[in-house]
Amino acid sequence: MKTDNLISLEQLCSNHKIEISFIYSLNECGLIQVIAIDQEEYVDQQIVSEIEKMIRMHYELNINIEGIDTIFNLLKKIEQQQEEINYLTTRLKLYEEQ
């Protein structure tokens, strides 16, 4: 498997000066997915910004893994509701124009 859009856990942890156990905890909780290829572990580059948010929450705000999980679930629900509001607003405008 190609590792073009993957970043190694070693590099991620080194760049952010964090312990790899934190990444494993996020993986165990289901917040991220760790990908193992040829004895090396990676995460998708597309979720690095989310991981960075989780790092800040944990190390700067002292929020535990369970709290981070709750926050991200709530943010996901808010995003879904915003999408539904946008959809319903568009539909309402269609009816108002008629």
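Residues are numbered from 1 along each chain as its sequence is written. Since the model is predicted, local features need pLDDT of at least 70 and side-chain atom pairs pLDDT 80 or more, while totals for chains, interfaces and linings use all residues, and side-chain values use heavy atoms, with hydrogens and water left out.

**Exercise 1.** Work out whether Tyr 95 is buried or exposed, and find its side-chain partner.

*Solution.* Start with the location: Tyr 95 sits in helix α4, residues 65-97 (helices are DSSP runs of H or I, at least four residues; strands are runs of E, at least two; both are numbered from the N terminus). Next, the relative accessible area of Tyr 95 is 53%, so call it exposed (over 50%; buried is under 20%, partly exposed in between, with a 1.4 Å probe and protein chains only). Finally, its side chain makes a polar contact with the side chain of Arg 91 at 3.0 Å (N or O atoms within 3.5 Å, one able to donate a hydrogen and the other to accept it; residues adjacent in sequence count only if both atoms are side-chain atoms).

**Exercise 2.** Give the strand order of the open sheet and say which strands are at its edges.

*Solution.* The 3 strands run in the order β1-β3-β2, with antiparallel pairing (a pair needs at least two DSSP bridges). β1 (6-8) and β2 (35-37) each have a single partner strand, so they stand at the edges. As for β2 and β3 (residues 40-44), 3 bridges join them.

**Exercise 3.** Find what Ile 37 faces in β3, and how far it lies from Tyr 95.

*Solution.* Ile 37 stands opposite Glu 40. From Ile 37 to Tyr 95, count 58 residues in sequence and 53 Å in space, C-alpha to C-alpha.
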